Amino acid sequence: MATLDAKIPEGPLKDKWTNYLNSMKLVSPANKKKLDVIVVGTGIAGSPAAATLAQLGYNVKVFCYQDSPRRAHSVAAQGGINASKNYRNDGDGVYRHFYDMIKGGDYRARESNVYRAAEVSNGIIDQLTAQGVPFAREYGGQITTRSFGGVQVSRTFYAQGQTGQQVLLGSYSALRRMIAKGKVQMYERRQMLELVIKDGHARGIIARNLLTGELERHTAHAVVLATGGYGTIYYLSTLGVTSSGSAAMIAYRNGAFFGNPSFIQIHPTCIPQLSDFQSKLTLMSESLRNDGRIWVPKEQGDKRNPNDIPEEERDYYLERRYPAFGNLVPRDVASRAAKERCDAGYGVGKTGQAVYLDFKHAIKEQGAKAIGSKYGNLFELYEKITGESPYETPMRIYPAGHYTMGGLWVDYELMTTIPGLFAIGEANFSDHGANRLGASSLMQGAGDGYFILPNTIGNYLSDKIKTSRLSTEEPEFEEAEKRVREKLEKLININGSQTAASFHKRLGKIMWDHCGMLRSEEGLKQARTEVRELKQEFWNDLQVPGTLSELNQELEKAVRVADFLDMSQLLIEDALNRHESCGGHFRQEYQTEAGEALRDDENYMYVAAWEYQGEDQMPRLHKEQLTFEFVEVKERTYK
Amino acid sequence: MKVKLKIWRQPNARSKGKFVDYDLDDISPEMSFLEMLDALNTRLIQQGDDPVAYEHDCREGICGSCGLFINGRPHGPEREVATCQLHMRSFRDGDTIVVEPWRAKAFPVIKDLVVDRSAFEKIMDAGGFVSVDTGSAPEANTTPVKKQNAERAFDAGVCIGCGACVAACKNSSASLFVAAKISQLALLPQGKAEAQRRALNMVARMEELGFGSCTSTEACEVECPKSISLDHIARMNREYLRASFSEEKD
Ligand SMILES: Cc1cc2nc3c(=O)[nH]c(=O)nc-3n(C[C@H](O)[C@H](O)[C@H](O)COP(=O)(O)OP(=O)(O)OC[C@H]3O[C@@H](n4cnc5c(N)ncnc54)[C@H](O)[C@@H]3O)c2cc1C
Ligand code: SF4
Ligand code: FES
């Protein structure tokens, strides 16, 4: 049985990574050529990891779901990417950055990993700039920054509201360069469906060619999952519709522990759901809270045009409740505050499930042009969807599922509990505790991909140089492929009457209502029953048209929904287990008198790492106790 | 609202395709175009028919997956939007809507409305990058970049690789896509060192792959969801010419 050893290097915090690098085992350039690494996922974690591994000399095979690696959902990130450069001379630095993330995560992340994330962040900006990423600049030609929620310094680098696109394309171009050199073999339009394990070590994957339906066997000495987040569990979210938790669930079923699965970030500023057939929610970047002010009318059910509501009749509730951080409180706090106002009857818009984000004051102070140059494309995006211009009318926004802090449990080397299986980027649980700060995910993914994994994987591979390539004819491959084939056949032969999307929608509603922004024992138990029933219905009444041997998008969806059903069960158990509120995990039973999250450090200062025990069986809980040697654990306040 | 759809159906690359008519009568103007197709597909699946295959992912105009030729225009009637950002409010009750895949020799149809755009990847491989290995980058602020140049590079860099420019062009030229990358990197000091090689190689690769040549009809700029400007094609041509006369080409 696997045990939890985080493998945190000795020494003072600031020396741990250096000590690690100095003492890790290396693979010589000649030997790297003999080693194959599979990377699944081409977002801001997978693309740089693959490119860097190939530059080091490994044989790299890369997989992604879309028709091009450039379309990984990292492309949709808007607001920015953090680094500890201190270009503003505003007191920033690695330690402060680390401290902000630890506090932002409500003291539920591992100190050593978080410190390292802050430590490698500067190199990311250097690397991306060299790759031709056009970060926003000052007239003097220097790179400029802006502020994000939960911090009082300006450490966010950006390219208008399309930072994710620009940084991903930077990494993607690095990946293409290595593909052109023949060092990376690229497999687009593939869905990873199984992991191949031999003697306890990850040695390959089974992937379905989405165009032909062929099941392919791919062998390697190590497998890296960079498969992103699973916020689409709510059906409606800010993620791409193909984003899924499938790869993580595959790893979990094969024995990788799943860390804090129910820690999901609900982002406060998204365009609200307008209709029942809606398939997606669009984010309005957190950067807007630099200049936009959030409010609701002081009067319940006030239906006046927002521009007709005078100042004294507006409740700028974030500024009122959190004077020190105001509109820039972290996301979990801002989301709950919006929900609180709407539930109390102050919400605006047709559905009453929205609050205003207003630029009137900023436009008056800085001029429409200045505001346009910072947020122009976000304003346009908003107008395209809603038909209203934020220059004239305040935006209406509401929280939506956005980011998963939870993910595969990994140690300091980013390795899961399955030797040889690594998880990077949003797919792992590591750096954000119970709540992620804005602009820190691109940073974490890129840090994992450019600088951390390419080193730590060498430490693992150093004693594999004599391990020959595992033949894809071995029984382990046979069996893995058989499991996949049986599962797909089962799905396509149900011949029921409901589509995969309809199940996903219903599942999403259950999870949003009971395992979203607000959770309670009662609600979670109800969700437990409802999900179990829905799962039965799914396996009895699903309809998947077409065949297994062609492009079959419904089949792809069905696989994702099947995994989401299992994953929901896991999330619910995790949320039930944690009798405290922390970060994005807010249990109704555990709050302060002022309605803030009430942690229980004595009993829950741990990472919940869940081990699979079989279909529909209660998973087994392992605890990674968190110790805070370098920060003082305090109540997290933004007042 | 009611709409009549004429959709290109083609089971696979080998078979011939044809238009098939579908009537939908409970469409809300608030629906996005793709949500309308989802509604059609739900109906088709429940009838035991094969749903229409089309590509999409982010549904917010940034990943470049979606791309439909709607009533004779890439991404439909609105300007500066990708198909996923198009809403049914852009059509009238009773409209007939013709939906086709991108049509270009270099983008063969895979199934229904899905085409193979891997030719774009091959063009990128010919030089759409700065050759810098991880770890060898200098401190980011050691090289100042003029604000206007950074902004212009950004304006080119926002290309989503959707292929609408090719679909819009009567010659199926990929010039706008290629120019966007060449121009972005040529505008930045980081990309300058390889600018000439990049221009020569990417243009040559584009031609090899069966894209037509640019005759400046300007259709691409009109249909590009990101409004990539033709100025970038001019810059590409300058880089290309300069490179053709230069000593340093390889
Ligand atoms: C709208 C939005 C805005 C955001 N804005 C910001 C921001 O401003 N700053 C910030 O720091 N963070 C932001 N985030 C968060 C951040 O973008 C993501 O956390 C991060 O990009 C995730 O990167 P990744 O590489 O881990 O995964 P992704 O980019 O999601 O990539 C996942 C990859 O895995 C592949 N994949 C997954 N499963 C399989 C499978 N089974 N088989 C084959 N391939 C598979 C996919 O094809 C894809 O290539 C934002 C997120 C969203 C949704
Ligand atoms: S240039 Fe415009 S139309 Fe062409 S691929 Fe890029 S975004 Fe699409
Ligand atoms: S689905 Fe991503 S651009 Fe349309």
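In this predicted model, the side chains of Glu476(A) and Lys198(A) form a salt bridge, with an N to O distance of 3.6 Å. Across the interface of domain 1 of chain A and domain 3 of chain A, eight salt bridges are found. The two domains bury about 4100 Å² between them.

**Domain layout**

- Chain A is split into domain 1 (33-81 + 98-117 + 165-266 + 403-464), domain 2 (267-401) and domain 3 (475-599).
- Between domain 1 of chain A and domain 3 of chain A, the C-alpha centres are 21 Å apart.
- Domain 1 of chain A brings 48 residues to the contact, and domain 3 of chain A brings 46 residues.

- Carbon and sulfur atoms carry 61% of the area buried between domain 1 of chain A and domain 3 of chain A.
- Polar contacts between domain 1 of chain A and domain 3 of chain A link 19 residue pairs, counting pairs with both residues at pLDDT 80 or more.

**The domain 1 side**

- On the side of domain 1 of chain A that touches domain 3 of chain A, at least two residues each come from strand 6 (190-198), strand 7 (201-209), strand 8 (215-219), helix 7 (246-253) and strand 11 (264-270) of chain A.
- Strand 6 of chain A gives the largest share of that side, seven residues.
- By residue class, the side of domain 1 of chain A that touches domain 3 of chain A has 24 nonpolar, 16 polar and eight charged residues.

Methods
Residues numbered from 1 in each chain as written. Chains lettered and ligands numbered in written order. Predicted model: local features only at pLDDT ≥ 70, side-chain atom pairs only at ≥ 80, totals over all residues. Heavy atoms only, no water. Domains from an automatic or database assignment. Contact = heavy atoms within 4.5 Å. Buried area = accessible area lost by both parts, 1.4 Å probe. Salt bridge = Lys/Arg side-chain N within 4 Å of Asp/Glu carboxyl O. Polar contact = N/O pair within 3.5 Å; in protein donor to acceptor, adjacent residues only side chain to side chain. Helix = DSSP H or I, 4+ residues; strand = E, 2+ residues; numbered from the N terminus. Nonpolar A, V, L, I, M, F, W, Y, C, P; charged D, E, K, R; others polar.
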